[in-house]
Structure formats: structure tokens, C-alpha cells
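Below is a walk through one protein chain, going from the overall layout to a few local details. Please keep the sequence and the model in view while reading.

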Amino acid sequence: MPCNMESMNYTFTEAEKAEIQRHIEKYPDRRSAVMPALWIAQEKFGWLSNDAIRLVAETIDIPYAHVYGVASFYTMYFKEEVPPHLLEVCTCFTCGEIGGEEMLAYAREYLEADEKGRSKDGLFWTRSAECLGACDTGPVCQITNRRYVHRLTKEKVREVIEALRAGKEIPYEPIPLNDQSILDD
Ligand code: FES
């Protein structure tokens with residue numbers, strides 16, 4: 001993810017503009033395209049600076065204030081420059097009772113994180129999450145707005161961190177069969 005502010009050129013490619021246009025055309029109100037457009041901007045620039053938010057507003061042709069309001073409401077949009085990997089550990093309800101807090105603390109310890117939860121090597125940041133909707137397989141961790149890691153253990157925390165350090169993708173982890181039967185009831 002590019003994050004060098006000095007050299008950042010805040011423009012979309014023709015392909016990115018065309019993708020945003022496709023989103024605009026899906027809805028009766030063009031403002032509805034703001035979330036996918038913000039996502040495209042975040043994927044490209046690494047986080048949503050004011051310049052990136054302005055670019056989204058200009059591209060959709062809606063007020064900056066509207067785009068800023070959406071970007072600032074949702075936690076999956078990053079409003080400051082962040083390390084490339086986010087470990088978001090659920091500490092809510094169920095996960096909080098079965099080790100979520102402990103897993104978050106362990107991840108921070110393993111990463112030698114600072115008081116903001118950012119790792120010493122600059123590659124990771126950590127934060128607690130509200131319920132991620134997978135309470136029956138907690139404690140759960142979400143990796144940078146994407147993959148879930150279920151039934152988190154200290155060993156899994158280390159494995160995930162080292163896999164990401166090695167540039168590997170975190171594989172999809174299917175819900176265990178015995179849990180699936182609960183969902184099917
Ligand atoms: S309480 Fe953690 S996923 Fe619901």
C-alpha cells in the first residue's frame with residue numbers, strides 16, 4: 001500500500017473511474033456509490049486522507065462533507081496513515097468472556113506494540129473490535145478488513161503474524177463442521 005504523502009498523486013486511473021461509475025449507475029442516487037468509492041480509494045492510497053476523500057467527492061460529484069461524514073462514521077475506513085496489517089480482535093460479549101482481551105494483549109506483546117497498538121517493526125497495528133458476528137467460533141480476529149481467524153489461540157496469533165510478515169495470504173478458514181450443524185438448525 002503506498003503511503004508516501006510527499007509523492008502521492010491523488011488521481012484515479014481510467015479503470016478506477018469506470019468502476020466507480022458502474023457503482024453510481026447501480027443506484028437511483030449517486031451518493032449511494034460513496035462506500036465502494038471510498039473502498040477503492042483506501043485500497044489505492046492505504047488510508048483516507050482529506051485529499052483522498054476530496055478525490056472521491058469530486059469523482060462522484062457530491063459534496064465533500066457527505067463523503068467525509070461516511071468515511072468518519074465507519075471504522076473500516078482508516079482516517080490516518082496506518083501500517084499495512086491490522087489485527088482487529090473482538091473483545092465484545094462472547095469473545096470478551098472467552099479470551100478476546102487476552103488474545104489482543106498477547107498480540108500486542110508479541111509485536112512489541114506501543115501504546116497505540118502499533119508494532120515495533122511498523123508492519124502491524126492492533127485494536128479491539130465490536131462483535132464481528134462470529135460469536136460461536138470466538139475469540140475471533142479480523143485481518144485488515146478481510147479474513148477472519150476463528151478460535152484464536154496464542155499459537156494462531158503467532159502464526160498469523162509470521163505469515164503476514166512473510167508476505168503470505170491468510171487462508172480462508174471454514175467453520176468447523178460441528179459448528180456448521182448449529183448454524184443449520
Ligand atoms: S462477540 Fe466476538 S464475534 Fe460476537
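**Layout of the chain**

Among the contacts in the chain with a separation of 6 or more, 57% are between residues 24 or more positions apart. This is a predicted model. Its C-alpha atoms fill a box of roughly 45 × 45 × 25 Å when the box is taken along the principal axes. The chain has 185 residues, and 25% of them count as buried.

The secondary structure consists of eight helices and four strands. Read from the N terminus, the order of elements is α-α-α-α-β-α-α-β-β-β-α-α. The domain assignment divides the chain into domain 1, covering 14-73, and domain 2, covering 85-184. Taken over C-alpha atoms, the centres of domain 1 and domain 2 are 29 Å apart.

A helix pair can be looked at next. Two packed helices are described by the distance between their axes and by the angle between those axes. Helix 2 spans residues 34-45 and helix 4 spans residues 64-73; their axes come within 10 Å and cross at roughly 75°. Helix 2 is therefore roughly perpendicular to helix 4, since angles of 65 to 115 degrees are classed that way. On the side of helix 2, the contact is made by V34, M35 and L38, and on the side of helix 4 by H66, V67, V70 and A71. Sorted by class, this contact of helix 2 with helix 4 has six nonpolar residues, one polar residue and no charged residues.

Helix 1, residues 14-26, contains E16. As for distance, E16 and Y77 are 61 residues apart along the chain, and their C-alpha atoms are separated by 18 Å.

Just after helix 7 comes G167, where phi is positive, at about 80°.

How values were computed:
Residues are numbered from 1 along each chain as its sequence is written. This is a predicted model: local features need pLDDT of at least 70, side-chain atom pairs count only at pLDDT 80 or more; totals for chains, interfaces and linings use all residues. Helices (H or I, at least four residues) and strands (E, at least two) are DSSP runs, numbered from the N terminus. Domain bounds come from an automatic or database domain assignment. A residue is buried if 20 or more other C-beta atoms lie within 10 Å of its own, exposed if 12 or fewer, and partly exposed in between; C-beta atoms are placed from the backbone. Two residues are in contact if their C-beta atoms, placed from the backbone, lie within 7 Å. Axes are lines fitted to C-alpha atoms, for helices over the stretch in contact, and angles run from 0 to 180 degrees between N-to-C directions. Angles under 35 degrees count as roughly parallel, over 145 as roughly antiparallel, 65 to 115 as roughly perpendicular and the rest as oblique. Ala, Val, Leu, Ile, Met, Phe, Trp, Tyr, Cys and Pro count as nonpolar, Asp, Glu, Lys and Arg as charged, and the others, Gly among them, as polar.
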